[in-house]
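I opened this model today and kept notes as I went.

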Amino acid sequence: MTTQNVVEVRGLTKSYKGFEAVRGIDLDIRRGETFALLGPNGAGKSTTIEILEGYRARTGGEVRVLGVDPAHGGLAWKARLGIVLQSTGEQGTATVREQLRHFAGFYPNPRDVDEVIAAVGLDEKANTRIAKLSGGQKRRVDVALGIIGRPELLFLDEPTTGFDPEARRQFWRLIRQLADEGTSILLTTHYLDEAAQLADRAGIIARGELVALGAVDELGGADARTPIVRWVERGVVREERTHEPGALVARLAAAGEPERLEVIRPSLEDIYLELVGDSADASATAEGTLV
Ligand SMILES: Nc1ncnc2c1ncn2[C@@H]1O[C@H](COP(=O)(O)OP(=O)(O)OP(=O)(O)O)[C@@H](O)[C@H]1O
């Protein structure tokens, strides 16, 4: 374990009664970075993240989180982590402020309760019982509970599911602020724009294997990012991929104004779909099954 890495995973496997949900993942997360773990439903993201959090036992491989094997992480280790599970659905009769005060008491150096309430946009609901909050508001309480202990490493498993668009943007600002303060963050999300906005690096898991790993703006390689020029010629849609879209547009325009001309730069979502599709195809061939 090097001090630059808050997470080190080597050859991680997890089987559920013979079903291999995670099949040999290698992964490092550097101190201070925001890392997004992406992949389709059932790919193995939550399984991996829950093993890192110490909530799930692994079948094989080596794991270190903040230098500790999560299978043997004690209370002092847990206090250095912030955890937002996929669904906690905070209930209870406590108010938002009471619940946060209660949890703040578990940590040696917690954040200020009212600052956290403001940061997740719940000022007006601070004295409301959690059971009376909307789904998205309860999710904000989950996030608040995850950061109240001033964690070194924050796990966010699909944190913004159920957030309205404005709340999502407010959450992004909060995560950037935490990252600026030096918090290392491991995020899973199905919103590719969220990963593109927040993460420094990302890994894509498909069928329990890491199929891509790299800086968010380099994932999939340069070819996957080649711009597409699309236009309509005599009623037929034409498209060409080129690293010099300007030159192509100029050539087309020389012959008259092209109809419905657009230059498209593949988004992280386009690249993700290509990578996940490729891996599903490869796996279908290997297993002789259709997906
Ligand atoms: N407790 C369990 N017992 C048996 N199988 C499980 C268990 N938990 C997860 N699995 C299976 O392991 C695979 C990976 O599940 P996991 O929850 O890690 O996926 P995920 O990538 O987090 O998916 P999602 O995006 O839907 O949250 C799935 O096929 C799931 O059915």
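My entries follow, from the whole chain down to single residues.

**Ground rules.** I am working with a predicted model, where local features need pLDDT of at least 70, side-chain atom pairs count only at pLDDT 80 or more, and totals for chains, interfaces and linings use all residues. I number residues from 1 along each chain as its sequence is written.

**Whole chain.** I looked up the secondary structure and got 10 helices and 12 strands. Helices (H or I, at least four residues) and strands (E, at least two) are DSSP runs, numbered from the N terminus. For the extent, I noted that the C-alpha atoms fill a box of roughly 70 × 45 × 35 Å, taken along the principal axes. Buried residues make up 35% of the 291 residues in the protein chain. My cut-offs: buried is 20 or more other C-beta atoms within 10 Å of the residue's own, exposed is 12 or fewer, partly exposed is in between, and C-beta atoms are placed from the backbone. I also checked contacts with a separation of 6 or more, and 66% of them join residues 24 or more positions apart. A contact here is two C-beta atoms, placed from the backbone, within 7 Å.

**Domains.** I found the chain divided into domain 1 (5-215) and domain 2 (221-287), with bounds from an automatic or database domain assignment. Their contact takes 10 residues from domain 1 and 9 residues from domain 2. On the domain 1 side, helix H7 (192-198), E8 and E9 each give two or more residues. H7 gives the most to that side, with 3 residues. I sorted that side by type and got 9 nonpolar, no polar and 1 charged. The sorting counts Ala, Val, Leu, Ile, Met, Phe, Trp, Tyr, Cys and Pro as nonpolar, Asp, Glu, Lys and Arg as charged, and the others, Gly among them, as polar. The domain centres, taken over C-alpha atoms, are 35 Å apart.

**Core.** Which residues touch the most other members of the largest nonpolar core? I got Phe35, Ala36, Val116, Ala144, Leu186, Ala202 and Ile204, out of 62 residues in that core. Both domain 1 (5-215) and domain 2 (221-287) give residues to this core, so it lies between them. By nonpolar core I mean a set of buried Ala, Val, Leu, Ile, Met, Phe, Trp, Tyr and Cys residues joined through C-beta atoms within 7 Å. I then looked at Ala36: leaving aside neighbours within four places in sequence, Ala36 contacts Leu187, Thr189, Ala195, Leu198, Ala199 and Ala202.

**Ligand.** Around the ligand I listed Tyr16, Phe19, Ala21, Gly39, Asn41, Gly42, Ala43, Gly44, Lys45, Ser46 and Thr47. Strand E2 (19-30) and helix H1 (45-53) are the elements that give two or more residues to this shell. H1 gives the most, with 3 residues. By type, the shell divides into 4 nonpolar, 6 polar and 1 charged.

**Helix H3.** Next I took H3 (residues 96-104), where Val96, Gln99 and Leu100 are buried. Seen down the axis of H3, the buried residues fall within an arc of 95°, so they line one face of the helix. That arc is the one of the directions from the helix axis to the C-beta atoms. Helix H4 (113-119) and helix H5 (135-147) are among what covers these buried residues.

Is Gln99 buried or exposed? Gln99 counts as buried, with 20 C-beta neighbours inside 10 Å. Beyond neighbours within four places in sequence, Gln99 contacts Gly92, Ala94, Ile130 and Val141. I also noted Ala126, which is 27 residues from Gln99 in sequence and 9.8 Å away in space, C-alpha to C-alpha.

Most residues other than glycine have a negative phi. I found Glu158 with a positive phi near 50°, in the loop between strand E6 (153-157) and helix H6 (165-180). Glu158 is buried, with 20 other C-beta atoms within 10 Å. Arg207 also has a positive phi, of about 50°, and sits in the loop between strand E8 (201-206) and strand E9 (209-215). Arg207 is buried, with 22 other C-beta atoms within 10 Å.

Methods: Near = placed C-beta within 6 Å.
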